[in-house]
Amino acid sequence: MPLACRLYLITPPRLDDLAAFSRALAEALDAGDVAALQIRLKDVADETIAAAVAELSPIAVSRGVAVILNDRPDLAAALGCDGVHIGREDGTYADARRVMGPNAMIGVTCHDSRDLAWEAAEAGADYVAFGAFFDTATKDASTRADPEILSVWQETMLTPCVAIGGITAANCRPLVIAGADFLAVSAGVWTFPEGPAAAVRAFNAEIVAGLAER
């Protein structure tokens, strides 16, 4: 049975060696429970994104891991991804749903705003993402969220919530305890000193420990 809080992996913003990353991804996914992989590539051509999806999707899908593309509903639909994640500057949920169709997963960035999250959930979003919870070098985080927002959300809404922003195996447990349904992690896995597979094992151990304290 899947855990009540699960890992949601995000790729680094650039994949200069796609073959090497593919091997690292396979090892990470084989190391423990992972719910989803978001392919998040910045400032690259559409062809580069398409090549990454073609290479990484079979690795994820064969292990039961959903493939989410960041920012681009049009490419996500064209490339056969399971879903798309949209930020505040990436168009509306309604537009993404029209492009992706009724069965795709659509997640929405809500920063530290319960109002934005409520609007997204009421519109039909499959999950809402809160953050950043910690300092992050992966992207410029304009907001800082408090773990309490996860607890309040769990008490009032059924739509799953994702915690994102600077999350590591060392700091994730309070977010699990607070009520995160998913932990979205990039550098915390790919730059883990003992490697991505060890990171996934460490995260899952912390998730189990955190769930025991909920």
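Visitor: Is Arg 144 buried, partly exposed or exposed?
Guide: This is a predicted model. The relative accessibility of Arg 144 is 45%.

Visitor: What is the N to O distance between Arg 144 and Asp 135?
Guide: Asp 135 is exposed, at 64% relative accessible area. Its side chain meets that of Arg 144 in a salt bridge. The N to O distance is 2.4 Å.

Visitor: Which helices hold Glu 213 and Arg 173?
Guide: Glu 213 and Arg 173 form a salt bridge, with the closest N and O atoms 3.2 Å apart. The pair ties together parts 40 residues apart in sequence, because Glu 213 and Arg 173 sit in two helices. These are α9 (residues 196-213) for Glu 213 and α7 (residues 173-178) for Arg 173.

Visitor: Is Arg 97 buried or exposed?
Guide: Arg 97 forms a salt bridge with Asp 126, at 3.0 Å from N to O. Asp 126 is in the loop between α5 (114-123) and β6 (127-131), and Arg 97 is in helix α4 (residues 93-100), 29 residues apart. Asp 126 is partly exposed at 32%. Arg 97 has 16% relative accessibility, under the 20% cut-off, so Arg 97 counts as buried.

Visitor: How many salt bridges are in the whole structure?
Guide: The pair of Asp 126 and Arg 97 is a salt bridge. A search of the whole structure gives the total: 11.

Notes: Residues numbered from 1 in each chain as written. Predicted model: local features only at pLDDT ≥ 70, side-chain atom pairs only at ≥ 80, totals over all residues. Heavy atoms only, no water. Salt bridge = Lys/Arg side-chain N within 4 Å of Asp/Glu carboxyl O. Helix = DSSP H or I, 4+ residues; strand = E, 2+ residues; numbered from the N terminus. Buried < 20%, exposed > 50% of the residue type's maximum accessible area, 1.4 Å probe, protein only.
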